[in-house]
Amino acid sequence: MAFVENQGARIYWDEQGQGEPVLLIMGLAYPSQMWYRTRPVFASRYRTLALDNRGVGRSEVPLGPYPIALMASDAAAVLDAAGIESAHLFGVSMGGMIAQEFALQYPKRVLSLILGCTAAGGPTAVRAEPEAVEMLRTRDKMSPEQAAEASVPFIYDSTTPRERVDEDIAIRRPWFPRPEAYTAQLQGILAWEAYSRLSGIAVPTLVIHGESDRLVPPGNGKLIAERIPGAKLVMIPQASHLFLTDQTEVSHHAILQFLNEQAGSAGSDAGSEKEKVSC
């Protein structure tokens, strides 16, 4: 357990495992504990670092808004505190936005990039359906339990067993965010755009998205993969926004295959590779 001070907030982070470093960045209002399905698998081969984005988990809750670039600087401060010059980055949802911004602001510190269930912002982004947008905008007026339940249809595939959803909510329950922190992160998302800059990302990149994602439609993953030179796109059937819960083993296989390729080679193949993973 450790903290690092950065631009007005104490940021919580920890590490597990040995090997090449992988920095894990979670999404809107979610604590780093939500890596619980993935982190033990990764930590058996890699040195994993995870942080609580400002406002959630054990990190402090300063006044908002929290711009994506500010949260990217929090991630850089974590690498500094761990004594790591460069790492593989894996971000999901808002964490994928932070990872994109990190790669643009600190390109020499990124070994490879994994962007899960995320978007690049701006006018080209594929918008969620109105019901999903309304859920996001009104969650801060609900109780934490109501907010968690309201999001379920938009972030889990209809085929996912309810017990797996309940496992996720149980992990999150001790760390449900304060309304002002949720709003501060959401304001950062809404004000951010990277699409116009993505062609400047030069590291090996995997874009991974669930085909049934109702919160961040899968067209966003396709846009990112087309924009980043040489990016690989993996679409996961029967998986929604939380593809790591919906299709855990399939997702882990695709991500570890990509990571192992980067760890075992000096570079990546040129050209864009698109594929669909079968369940």
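Visitor: What is a cavity, and how many of 30 Å³ or more does the structure hold?
Guide: A cavity is a set of grid points where a 1.4 Å probe fits but cannot get out. The model examined here is predicted. In this structure, the number of cavities of 30 Å³ or more is one.

Visitor: What volume does the largest cavity have?
Guide: The lining of this cavity is made up of 13 residues. The space they line has a volume of about 130 Å³.

Visitor: Which helix gives the most residues to the lining of the largest cavity?
Guide: Among the residues nearest the centre of the largest cavity are Met 26, Met 34 and Leu 242, together with Leu 244 and Thr 245. By class, the lining divides into nine nonpolar residues, three polar and one charged. The greatest contribution, three residues, comes from residues 243-246, which form helix H9.

Visitor: Which residues lie closest to the centre of the largest pocket?
Guide: The largest pocket contains about 650 Å³ of space. Its lining comprises 33 residues, and those closest to the centre are Met 97, Leu 136, Ile 189, Leu 215 and Val 216.

Visitor: Which element supplies the largest share of the lining of the largest pocket?
Guide: Two or more lining residues come from each of helix H3 (94-105), helix H4 (130-138), helix H5 (144-155) and helix H7 (179-190). The largest share is four residues, and the element that supplies it is H4.

Visitor: How many residues in the lining of the largest pocket are nonpolar?
Guide: Seven of the lining residues are polar and three are charged. The nonpolar residues in this lining number 23.

Key: Residues are numbered from 1 along each chain as its sequence is written. This is a predicted model: local features need pLDDT of at least 70, side-chain atom pairs count only at pLDDT 80 or more; totals for chains, interfaces and linings use all residues. Side-chain values use heavy atoms; hydrogens and water are left out. On a 1 Å grid over the protein atoms alone, a cavity is a set of points where a 1.4 Å probe fits but cannot get out, and a pocket is an open set with protein on both sides within 12 Å along at least five of seven lines; lining residues have an atom within 4 Å of a point. Grid points are joined across faces, edges and corners, and a volume is the space filled by probe spheres set on the points. Ala, Val, Leu, Ile, Met, Phe, Trp, Tyr, Cys and Pro count as nonpolar, Asp, Glu, Lys and Arg as charged, and the others, Gly among them, as polar.
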